[in-house]
Protein chains: 2
Amino acid sequence: MEKTDVLIIGGSAGGIVAGMTARRHYKDAKVTVMRKEKEGQVLVPCGIPYIFGTVGAPEKNIMPDALLSGNNIDLIVDEATSIDREAKTVSTASGKSIGYEKLVLATGSAPIIIPIPGKDLENVFCAIKDVDYLNGLLKTLEGVKDVAIIGGGFIGLEFADEFRKRGLNVTIVEMLPHYLQLVFNEDFCTVAESRLKEAGINIMTNDKVEAVLGEKKVTGVKLASGEELKTDLVFIGLGARPNTELAQKADLQMGETRAIWVDEYGRTSDKDIFALGDCAEKSSFFTKKPSALRLASIACTEGRIVGANLFELKRRNEGVIGSFATIIGDSGVGMAGLTEAAAKAAGFDIVTSEVKTPDKHPGSMPGAKEFGVKLVFERATQEILGGQVCGGLTVGEVVNVLAALIQNRMTANQVATFQYGTHPFFTPSPIPYPIVNAAEAALLKL
Amino acid sequence: MEKTDVLIIGGSAGGIVAGMTARRHYKDAKVTVMRKEKEGQVLVPCGIPYIFGTVGAPEKNIMPDALLSGNNIDLIVDEATSIDREAKTVSTASGKSIGYEKLVLATGSAPIIIPIPGKDLENVFCAIKDVDYLNGLLKTLEGVKDVAIIGGGFIGLEFADEFRKRGLNVTIVEMLPHYLQLVFNEDFCTVAESRLKEAGINIMTNDKVEAVLGEKKVTGVKLASGEELKTDLVFIGLGARPNTELAQKADLQMGETRAIWVDEYGRTSDKDIFALGDCAEKSSFFTKKPSALRLASIACTEGRIVGANLFELKRRNEGVIGSFATIIGDSGVGMAGLTEAAAKAAGFDIVTSEVKTPDKHPGSMPGAKEFGVKLVFERATQEILGGQVCGGLTVGEVVNVLAALIQNRMTANQVATFQYGTHPFFTPSPIPYPIVNAAEAALLKL
């Protein structure tokens with residue numbers, strides 16, 4: 001029987017980082033990653049939408065296996081089929097049995113498919129993380145003109161914008177009143193929607209796809225409103241559900257969000273088995289209640305916690321903040337922490353404030369874009385709970401500034417005197433620097 | 001006699017922010033800014049180099065007076081000539097006397113001019129914040145080919161890169177072994193220098209201009225090495241000295257850096273007189289010792305402290321971190337906190353670590369640039385003392401991420417589990433995200 005000190009099941013972002021971190025913290029341990037994907041076939045998860053316009057091919061969106069070999073991590077290409085917790089072994093599809101001291105489940109998630117008629121027709125796709133599947137989608141796109149996207153979340157918008165860059169006629173159908181409504185305040189959703197419209201994407205909200213139409217191939221979709229939309233291809237972008245089959249078979253405890261329950265150190269109900277990333281339950285940084293947020297960056301942070309905790313509990317998971325951004329055309333939108341609506345739903349008494357200014361200075365700098373920031377503070381503690389930002393290509397790192405302020409539970413007064421730096425090409429002017437000015441504006445209401 | 005509750009002398013960034021903050025915190029106070037510059041003539045300080053290439057004219061680099069009028073701040077265009085601390089009045093060049101309750105000195109700084117022969121010749125310029133003067137420089141540039149810049153700091157490099165964009169032949173003469181040596185670790189200086197070389201700028205280090213040559217106009221410079229350089233124009237970029245004449249005449253205490261001494265609330269030795277920005281002494285966030293850092297962003301942060309403290313002490317100045325970035329061609333370099341050399345000079349026992357990765361992900365994304373981060377941690381406390389970054393146009397906000405981590409005195413372990421977000425277009429991959437990975441690398445040495 002093969003034996004390893006650390007066996008990580010799943011070779012995407014979280015699994016790789018757990019392995020790298022285990023290597024750093026336990027330098028003599030034998031660390032093994034087991035995954036289904038062959039050599040050179042693991043896709044960069046957040047890069048998947050960009051295969052279809054910007055990057056051009058799944059093969060250009062691959063995580064280098066050198067991340068494993070360069071860190072002295074063994075790779076087994078195989079599928080784990082069951083865990084014997086008593087014997088501390090994992091059985092595989094190829095008939096192997098592998099012994100472990102510590103097991104890490106990083107089994108990820110799979111796209112949610114709604115049970116509507118026609119969902120199995122040809123030319124219905126979703127974001128399956130598989131090179132061959134995505135090459136199939138890429139090939140199919142060459143022969144189509146009209147595309148309908150079900151779901152106006154991040155994944156739907158990113159695919160829409162890339163499909164649009166190929167010259168396709170794209171329509172997004174969202175059942176809620178706004179796109180991105182679950183992650184942004186309404187005013188920021190409106191900004192995102194108008195950017196999509198400017199880019200030539202057709203917007204449908206407050207409506208729902210009830211059936212995919214067609215004999216063999218897709219020819220259209222039928223909406224709840226009664227309308228029918230002619231389309232050659234349907235892309236379902238409704239988020240993901242955790243892959244928990246292996247954990248459930250091993251009788252590990254499940255959490256409220258149907259992901260694998262873990263404690264604050266990343267341990268499952270079996271103390272020698274850890275779980276992280278999309279398959280593992282998360283708790284909110286703000287309320288400590290279960291959270292359904294799933295992001296590659298969160299999986300990586302959890303990989304750094306779990307990898308360090310394997311043989312000695314070194315790091316505590318303080319709960320997910322949620323920090324993310326996306327691009328529409330050449331405009332960025334992003335957020336960290338709680339939106340106004342999420343903060344209210346969680347029972348916080350809040351104060352919000354908003355500031356707009358050019359993202360370069362003076363505003364006459366070429367390429368300057370309007371840069372908007374909205375902050376959410378808790379009234380009682382005056383601590384920052386969340387921030388949203390729209391602007392240009394710097395919003396991704398602005399989100400990280402916000403995340404750092406939030407993670408340190410800074411008060412409005414502390415944010416107002418935050419020691420940022422500025423430069424004409426890179427940032428707004430130091431006078432109206434929007435994060436600190438939004439904090440000042442909030443202080444007037446606190 | 002005119003009377004105001006708050007009189008701010010100086011109408012650049014720090015003075016404006018002090019006024020805006022006073023207005024926010026003391027809504028009934030009469031707030032007045034007195035400055036020498038006429039309406040619509042205050043230059044955006046950090047934008048001055050960009051007048052000469054990117055922006056095109058001093059008139060396009062102006063701070064809007066609406067920042068005053070829109071905040072109900074009165075403007076007096078006049079020059080303060082003396083302060084009567086007993087009577088609490090300020091006399092002006094036009095013969096007025098203005099009474100104040102609280103006085104704020106935001107008199108800024110002036111370029112340092114070295115006392116070398118030929119410094120007063122025609123075509124010797126420096127960064128004087130005056131529209132007519134800079135229009136004179138702009139006009140002169142039209143008739144020249146070769147430009148020598150004295151000083152390889154930020155200001156010298158920024159002017160050099162803009163002059164180069166006009167097609168001029170530019171040489172920078174720096175007496176130290178490297179450009180930017182006072183603000184960057186040596187390896188980052190080397191990166192900056194190679195970017196300048198690639199841009200076609202001539203590099204001279206370990207040498208010094210001893211005289212400017214010419215009869216009436218500049219014809220060349222004579223170097224300490226004996227070499228003579230033919231040049232049509234000399235630009236002196238050697239930093240700035242605080243404008244303290246008014247404060248000295250009023251017998252206010254001066255600090256060790258020859259700036260106006262202030263306490264942690266921004267008060268001078270007269271408790272009704274505050275000072276901020278380039279004219280005021282700063283202390284280091286790390287050592288509490290005097291610091292000679294002078295930046296518009298620091299002036300603005302001090303404006304937010306002083307403006308809030310005028311009638312009630314609300315905010316304490318924790319000392320300057322120093323956060324800044326600049327651009328060379330389309331590459332960015334930036335830093336926050338202490339360099340390796342500065343940390344050692346301040347007596348810290350330190351550990352450093354460095355990580356490089358593409359600034360977008362996958363690395364095949366169009367426009368991806370190498371992104372390097374170097375972090376400095378104190379060994380005893382494991383707290384982050386500084387960070388440097390080189391990359392593309394996002395480095396300005398990455399510096400602000402670093403500043404937030406530093407300001408919150410996060411340990412290497414906390415930085416390693418910092419909850420950043422990522423996106424293919426905006427940031428490095430979540431796996432090698434360089435700030436957290438540099439912290440992990442440092443932990444191995446701590």
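In the predicted model, the centres of domain 2 and domain 3 of chain A, taken over C-alpha atoms, are separated by 30 Å. The contact between them draws 14 residues from domain 2 of chain A and twelve residues from domain 3 of chain A. On the side of domain 2 of chain A that touches domain 3 of chain A, the elements giving two or more residues are α4 (154-165) and α5 (186-198) of chain A. The largest share of this side, six residues, is provided by α5(A). The domain assignment of chain A places domain 2 at 113-238 and domain 3 at 323-443, with domain 1 formed by 2-110 + 241-309.

Chain A can be superposed on chain B with an RMSD of 0.0 Å through a turn of 180 degrees and a shift of 0.0 Å along the axis. The two copies are thus related as by a two-fold rotation axis. Within chain A, the C-alpha nearest this axis belongs to A:V401, at 2.3 Å. Of the interface residues of chain A, 100% are also interface residues in chain B, so the copies meet through the same surface.

The largest nonpolar core holds 296 residues, of which A:V104, A:L105, B:V104 and B:L105 touch the most other members. Beyond residues up to four places away in sequence, A:V104 touches A:V6, A:I8, A:I9, A:A18, A:F274, A:L276 and A:V306.

In chain B, strands β12 (residues 209-213) and β13 (residues 220-223) run antiparallel and are joined by four bridges. B:V209 stands opposite B:L223 of β13(B). Six residues lie between the strands of this hairpin, in which B:G214 adopts a positive phi near 140 degrees.

Methods
Residues numbered from 1 in each chain as written. Chains lettered and ligands numbered in written order. Predicted model: local features only at pLDDT ≥ 70, side-chain atom pairs only at ≥ 80, totals over all residues. Least-squares fit on C-alpha atoms with pLDDT ≥ 70 in both. Contact = placed C-beta atoms within 7 Å. Core = buried A, V, L, I, M, F, W, Y, C linked by C-beta atoms within 7 Å. Buried ≥ 20, exposed ≤ 12 C-beta atoms within 10 Å, placed from the backbone. Pairing = 2+ DSSP bridges. Domains from an automatic or database assignment.
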